[in-house]
Amino acid sequence: MNVASVEEIRGCFPALERSHAGNLVGYFDGPGGTQVPTAVVKASTDYLLRHNANTDWRYPTSIETDQLLKEARVTFADFIGCSEEEIVFGNNMTTLTFHLSRTLGKSWGPGDEVIVTQLDHQANQAPWRSLEEECGITVHTAPMLAESGKLDWDALRKLFNQRTRLLAIGGASNALGTVNDLEEAARLCRAAGAYFFVDAVHMASHQLMNVAEIGCDFLACSSYKFYGPHVGVLFIRKDIGDSLLPPRLPCTKGYLPESFETGTLNHEGIVGAAAAVEFLAGMSKFDGSRRERLDAAFGTLTVRSHRLLEFLWHGLEEQRGVQLYGPGPNERRTPTLGFTVKGLDSAAVVERLASDSGLFLSHGDFYASGVTEALGLGQQGLVRAGCVCYTTEEEVKRLIEGVASLCP
Ligand SMILES: Cc1ncc(COP(=O)(O)O)c(C=O)c1O
């Protein structure tokens with residue numbers, strides 16, 4: 001096998017040694033944030049212990065810091081399929097997106113339009129909506145279809161016109177696992193002459209991205225969703241980024257990527273985030289470019305996690321009182337599944353799964369409140385189970401049995 005086995009991968013995560021309720025913990029909370037392998041923690045720690053300095057000075061630790069940040073940009077350029085100047089680092093996707101929206105909003109006003117979607121996380125709605133008040137633009141929301149958990153593409157198409165300045169769309173839904181047709185989104189944006197922004201926070205842990213193939217102008221992700229620390233990454237297409245004027249200190253470099261980075265960066269986090277990409281590439285056991293190794297690793301992880309998703313979907317489907325949401329296992333989706341159990345609040349379901357079976361799941365609307373609204377779910381929202389690189393069949397079986405024991 002040229003990609004590490006699940007057992008080998010699990011050996012890299014100390015968190016997986018934790019027990020709860022007499023069981024090894026089964027972490028199904030990956031869509032909210034994955035566990036972190038030792039190599040990533042070591043990279044951040046090593047930076048702080050041996051190379052810590054501010055940037056742009058002439059002594060060794062500062063030069064090393066500059067070098068490590070540069071290498072991290074190159075690593076993320078490989079991860080996203082762009083050039084290193086197009087990689088902007090920041091706190092998280094939400095902050096970077098607010099910063100970008102404010103920058104773009106400077107040249108927009110009444111009559112300009114932006115499209116967001118009901119399927120998306122608030123982080124890909126609120127930054128764009130804030131421009132309604134700040135500069136008088138109009139924001140339209142493309143609805144989702146409750147039955148399928150997919151976007152209503154006909155409705156989305158109708159929202160485009162010559163006044164459309166930007167489409168903000170998710171690569172995949174963090175609540176339901178729905179994967180959006182980004183090719184079609186790119187085509188619609190091109191036809192309208194609109195910018196194309198992709199929230200890839202959920203997608204990035206399940207699919208190797210290539211911004212050139214996607215055809216987007218901007219794409220944001222967060223390394224804590226794919227085995228790294230809490231760092232956000234924003235791709236800005238160079239020809240666009242060079243002509244934008246982000247709010248910044250007068251002394252900040254006036255060119256990409258630093259023009260978009262406010263203040264001192266989280267150096268240790270960025271070094272750790274790059275180590276997370278290396279960790280993913282390192283799952284492939286052959287000599288090849290980083291991109292080739294990432295490609296092989298993601299290929300294998302996708303097959304494995306889809307098998308788990310199918311097993312989980314069919315196992316839960318058989319339980320009386322379980323309602324599954326979103327696209328079925330034969331459709332394009334991530335291995336993230338939303339469900340409810342009849343007669344039980346979602347909070348009660350996750351509490352029981354933790355206390356009875358040592359399984360950690362999240363519940364609520366996951367800041368994708370448009371989704372839970374469209375599904376007619378109240379505040380309790382959904383229970384969410386996400387499979388990631390360290391999830392095993394045994395854990396999925398335990399989850400199915402745990403849910404079965406709660407069913408009426
Ligand atoms: C799909 C999606 N978009 C955006 C976000 C927000 O990302 P961040 O926490 O990096 O701001 C999340 C976080 O859960 C998410 O799942």
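Hi everyone. The protein chain has 14 helices and 17 strands, taken as DSSP runs numbered from the N terminus, with at least four residues (H or I) for a helix and at least two (E) for a strand. Please keep in mind that this is a predicted model, where local features need pLDDT of at least 70, side-chain atom pairs count only at pLDDT 80 or more, and totals for chains, interfaces and linings use all residues. Residues are numbered from 1 along each chain as its sequence is written, and side-chain values use heavy atoms, leaving out hydrogens and water.

Let's begin with the overall shape. The C-alpha trace spans about 65 × 55 × 35 Å along its principal axes. Of the 408 residues, 58% count as buried, meaning under 20% relative accessible area with a 1.4 Å probe, protein chains only. Contacts here are heavy atoms within 4.5 Å. Among contacts with a separation of 6 or more, 67% join residues 24 or more positions apart.

Now let me zoom in on one residue, S44. Where does S44 lie? You'll find S44 in helix 2, which covers residues 38-51. Is S44 buried or exposed? S44 is buried, because its relative accessible area is 14%.

And what does S44 touch, leaving aside neighbours within four places in sequence? The answer is P229, E268 and G272.

Note on methods. Buried < 20%, exposed > 50% of the residue type's maximum accessible area, 1.4 Å probe, protein only.
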